[in-house]
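This report covers strand pairing and backbone geometry. Please look at the chain first.

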Amino acid sequence: KKLLPFFDKRMASEVPGDSLGDEFKGYVFRIGGGNDKQGFPMKQGILCNHRVRLLFKKGMSCYRERRSGCRKRKSVRGCVVGPDLAVLHLVLVKKGAEEIPGLTDDNKPRRLGPKRASNIRKLFGLEKKDDVRQFVVRRELNEKKKKAPKIQRLITPSLLQRKRYFKALTRKRMEAGKQMKADYMKRVAEYRQEQKEARAAEVAKKKKEKKET
């Protein structure tokens, strides 16, 4: 009876948790997946509540490629919840009035601080001119040693200089290409003119020979 509201619901659909008991009143769960009694996993997109055999390839869920290009036919369970499931995986979407012991009652601190420069700025409310490197969260390894993450997307003078250098290189390459193209077109025009003059000279020579005969 407790699980009746979950039956005939598909994966990723949201279900209120009131039927599970008074401690879950107000909670909303999302169905994340599950396994049937023989251990076959549910697969999103298979709209049935029984097992099917599918041909799997790289990139599909419920399958890990062992050799490159290898495909395999495997049994998977459909994404519709039914009474044959042994395990149902639920994701907490909305918290209710009461706490769930071991899940919502303890607030664990984050082990690591932010790594990206913009996220560090957001955390400490810094401005553009402030130095982010002074505010990075350091983790203590032992009494003597502390560890700080490498800040990502940090704009430094060396980065700006490198950017300017690559832009200048690209500009030089473009200018050199334009110059080479202009030289080539000029040489082609000269060559065509030479060919035309040579042809005209040949025709004139033939006409002169005809007249003489």
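## A bridge between S1 and S2

Val-15 has Phe-29 as its bridge partner in S2. The model shown here is predicted. The pair belongs to an antiparallel pairing of S1 with strand S2, residues 28-36. That pairing runs over 3 bridges.

## The sheet

Which strands make up the sheet, and in what order? There are 3, arranged S1-S2-S5. The sheet is open, and its pairing is antiparallel. Strand S1 (14-16) and strand S5 (85-94) are the edge strands. Each of these two pairs on one side only. From one strand to the next, the twist averages 45°.

Most residues other than glycine have a negative phi. Asp-8 is not a glycine, yet its phi is positive, near 65°. Where does Asp-8 lie? Its place is in the segment before S1.

Is Asp-8 buried or exposed? Its relative accessibility is 63%. The cut-off for exposed is over 50%, so Asp-8 counts as exposed.

Cys-62 sits in the loop between strand S3 (51-56) and strand S4 (72-77).

How does Cys-62 count in terms of accessibility? Its relative accessibility is 28%. Buried means under 20% and exposed means over 50%, with partly exposed in between. Cys-62 therefore counts as partly exposed.

Technical notes. Residues are numbered from 1 along each chain as its sequence is written. This is a predicted model: local features need pLDDT of at least 70, side-chain atom pairs count only at pLDDT 80 or more; totals for chains, interfaces and linings use all residues. Side-chain values use heavy atoms; hydrogens and water are left out. Two strands pair if DSSP finds at least two bridges between them. Helices (H or I, at least four residues) and strands (E, at least two) are DSSP runs, numbered from the N terminus. Axes are lines fitted to C-alpha atoms, for helices over the stretch in contact, and angles run from 0 to 180 degrees between N-to-C directions. Buried means under 20% relative accessible area, exposed over 50%, partly exposed in between (1.4 Å probe, protein chains only).
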